[in-house]
Structures are given as C-alpha cells and as structure tokens.
Amino acid sequence: MSQVHRVQTDSECYSLSFDDGPDPNLTPRLLDHLRLFQARATFFVIGEKAIRHPDLIKRIVEQGHEIGNHSYSHPYMLKLSDGELLRQIDRTQYAVFDACGRWPTLFRAPHGRMRKHQRAMLEFNRQIKCCYWSLDPKDWRDQDAAIIVSRIAGEVRRGDIVLTHDALETSVNGVPDALQAIAASGLQSIPISELMQLGEVITEPEDGRSDFEPL
C-alpha cells in the first residue's frame with residue numbers, strides 16, 4: 001500500500017496538478033496557458049462535471065495531460081462507507097473512460113483526507129493509487145493570483161507535486177506568470193504518472209511544506 005506525495009529525482013521535472021474541474025470557462029483558458037508554455041499536468045476531475053463536459057476531458061488528454069479521479073460529487077471521504085466510496089470512484093472512472101477512452105490510475109481525495117484502509121481498498125481492489133501533493137500554495141484560501149504565483153514559483157523544486165484548482169479563476173489567471181518564472185529556473189511540468197517513473201516515490205508528507213496529515 002502506498003500514497004504519492006512527491007518524487008525524489010535528479011530530473012529537472014515537477015508536476016502541476018489541478019483539482020475540481022473541468023470548468024467550462026476556466027479549464028479551456030488554462031489549457032491554452034499550458035500549451036503556450038509546453039507544460040503538461042494532471043487534472044483530478046469530478047465525475048459529475050466530466051459527464052457534463054466530456055469534450056473538455058477529451059481535450060485534456062489530446063493535449064498530453066493526465067486525468068486523475070477526484071470522486072463523483074466531492075464528498076468528505078471519511079464520512080462514506082466502503083461501498084459509497086467505491087461508487088464515487090467507479091462512477092468517475094466510467095465517466096472519464098466514456099469521454100476519452102482512458103481509465104484514471106490516480107485518485108486524490110477531496111479535502112485530502114482518507115483512511116488507511118480506504119487507500120488500501122482502492123489500490124488492491126481498483127488498482128488506483130492515492131496521490132496527494134508536496135506543495136500547496138493555498139489557492140483555495142487566498143484567492144489572489146500574485147500570491148499564488150509567488151508561492152508556487154518561489155518554492156517549487158524538482159520532484160514536487162503542486163496542488164492547484166482549475167475551478168478558481170485566480171489560480172488559472174496566475175498560471176502563465178508561474179510557468180514563466182519556473183521555466184526560467186529550468187524546471188518542466190509533466191504528468192504525475194510520468195514523474196513517478198523518474199525516481200523514488202516519497203510516500204510521506206515532508207515537514208514544513210504541507211499541512212497534510214495522513215490518517
């Protein structure tokens with residue numbers, strides 16, 4: 001049983017990840033930004049939104065990005081029975097597959113909270129790994145593009161997984177400046193599954209860089 005927080009690697013790579021989409025207005029704009037900077041990311045999508053916007057799921061994949069599972073309706077995982085959790089996962093898996101023909105292999109829990117046995121159940125029963133992050137710019141709390149850019153560009157390191165949201169306009173607006181600053185340092189964003197192939201997967205949060213507390 002494992003969970004993914006970051007990757008220890010010598011490669012000049014990291015992963016941008018976006019939660020809570022796809023958003024019909026913001027996600028297309030974000031995809032344009034990413035294409036301009038030749039950056040590829042992982043999108044943890046909500047199943048009910050994927051059903052409403054299959055064209056965006058298809059476009060995400062066609063542009064070389066990765067789709068992750070972020071549940072069907074964004075519930076608090078700790079309050080779900082095992083059966084309810086699996087239904088959340090499975091409905092989203094099929095929504096993504098129907099849209100783009102690919103099965104997500106990574107899951108990020110809404111609010112970042114899951115129990116150990118829930119992670120084990122997904123890995124052994126669904127072959128899905130749970131993925132968290134190593135850098136949280138708190139874009140969900142401080143919705144200010146300049147602050148978000150400063151926190152991401154100023155702190156990102158090789159092997160990091162950066163948590164952001166494509167359902168927040170301030171986050172999407174900050175992406176071009178963040179990518180420009182990061183590119184100047186020589187780092188390139190690639191999907192999380194590709195990053196995991198470049199080094200040792202770190203399965204525990206790093207002190208001082210995330211307020212994540214595994215259960």
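**Cores and cavities in a predicted model**

Let's start inside. The largest nonpolar core has 29 residues, and Y14, L16, F18, L34, F43 and I67 have the most contacts inside it. A nonpolar core here is a set of buried Ala, Val, Leu, Ile, Met, Phe, Trp, Tyr and Cys residues joined through side-chain atoms within 4.5 Å. Buried means under 20% relative accessible area, with a 1.4 Å probe and protein chains only. Several elements each supply at least two residues of this core, among them β3 (13-21), α1 (26-36) and β4 (41-45). Helices (H or I, at least four residues) and strands (E, at least two) are DSSP runs, numbered from the N terminus. Another core, of 26 residues, lies apart from it; L85, L122, C131 and L195 are among its members.

A word on the source. This is a predicted model, where local features need pLDDT of at least 70, side-chain atom pairs count only at pLDDT 80 or more, and totals for chains, interfaces and linings use all residues. Residues are numbered from 1 along each chain as its sequence is written, and side-chain values use heavy atoms, leaving out hydrogens and water.

Now the whole protein. It has eight helices and 10 strands. Of its 215 residues, 55% are buried.

How many cavities of 30 Å³ or more does the structure hold? Three. On a 1 Å grid over the protein atoms alone, a cavity is a set of points where a 1.4 Å probe fits but cannot get out; lining residues have an atom within 4 Å of a point. A volume is the space filled by probe spheres set on the points, which are joined across faces, edges and corners.

The largest cavity has a volume of about 60 Å³. Its lining includes Y14, F37 and L179. α7 gives the most to that lining, with three residues. The second largest cavity comes to about 50 Å³. F18 and I148 are among the residues lining it. Here too α7 gives the most, with four residues.

Last, a pocket, which is an open set with protein on both sides within 12 Å along at least five of seven lines. The second largest pocket has a volume of about 170 Å³. Its lining includes I67, V96, W103 and P104. I67 also touches F43, V45, I57, I60, V61, V96 and P104, not counting residues up to four places away in sequence. Touching means heavy atoms within 4.5 Å.

Technical notes. Buried < 20%, exposed > 50% of the residue type's maximum accessible area, 1.4 Å probe, protein only.
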